[in-house]
Amino acid sequence: MRQKIIAGNWKMNLNRQQAVDLASQVVHGAVAHADTFARRSISLVLCPPALYLEAVLNQTKGSDVAVGAQNAYFQPAGAFTGEISSEMIADLGCTYVIIGHSERRQVFGESDQMINQKLAAVIAAGLQPIFCVGETLAEREAGETAQVIEHQFREGTKALNAEDFSKIVIAYEPVWAIGTGKVATPNQAETVHSDLRKLIGSCYNSSLENSVSILYGGSVNSANAAELLAQPNIDGALVGGASLKADSFMAIAASA
Ligand code: PGA
């Protein structure tokens, strides 16, 4: 069975106390659902702002809830004012790093090439990247979704061998669905997920094609999660807004 992952991307939200409280509520929920989650291979991941990683790690210590960063620079150390490295994130005890989120691509101008360097750096540090790809509304309306996703995938994973690639979790996040309340239909999402899976098979091998987890992200909430997660190639969710409340985040996880 492929690993199901429900990851909360808190973005630039919450203060320290709110982050600690939310993490603690999620840990309680995870304990309460421990048997079900284990049986269904469901993992929970929290991605707080970098400043609160340590506080959240303290809350999740000894639990099954993993912690990830939302970004990392590709150099391990050096004169890069304001940046943090994958080594630093690994040193804290995190497990994941989100790479290539559309907000990083669009607001901060990250290129496919930079995302490729970041993916390699995250893997080299022993962490698992959650590698995001997704088309804009204009690209979807122009019928370019499949090409855009393939381009982002190929450029992002360039020079990564199968061993490296096996550490990656993919997140399909249509840009038009992020934070808009406009969710992809289960059918729209499943089409892209199934294309991505075939792409993994053709770029790598059939074992990775079948084992890599592909998450959907973009306005996932407790009302639409079950239908999305029931699709054969949707292995979890990367949740923004609905991850800021323990109730809705846990309800999404319970529907996986
Ligand atoms: P959203 O964000 O759930 O608020 O749409 C998803 C994401 O950006 O990962």
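**Burial, pairing and salt bridges**

Tutor: Asp235 is buried, its relative accessible area being 5%; buried means under 20%, exposed over 50%, and partly exposed in between (1.4 Å probe, protein chains only). This is a predicted model, in which local features need pLDDT of at least 70 and side-chain atom pairs count only at pLDDT 80 or more, while totals for chains, interfaces and linings use all residues. Residues are numbered from 1 along each chain as its sequence is written, and side-chain values use heavy atoms, leaving out hydrogens and water.

Student: With which residue does Asp235 form a salt bridge?

Tutor: A salt bridge is a side-chain nitrogen of Lys or Arg within 4 Å of a carboxyl oxygen of Asp or Glu. Asp235 forms one with Arg2, the closest N and O atoms being 2.9 Å apart. The two lie 233 residues apart: Arg2 in the segment before E1, Asp235 in the loop between helix H12 (225-229) and E8. Helices (H or I, at least four residues) and strands (E, at least two) are DSSP runs, numbered from the N terminus. Arg2, Arg197 and Asp235 are linked in a network of salt bridges.

Student: Why is strand E1 described as largely enclosed?

Tutor: 6 of the 6 residues of E1 (residues 4-9) are buried, so the strand is largely enclosed by the rest of the structure.

Student: Which strands pair with E1?

Tutor: Two strands pair if DSSP finds at least two bridges between them. E1 runs parallel to E2 (residues 42-47), with 6 bridges, and Ala7 stands opposite Val45. E1 also pairs in the parallel sense with E8 (residues 236-239) over 4 bridges, where Ala237 is the bridge partner of Ile6.
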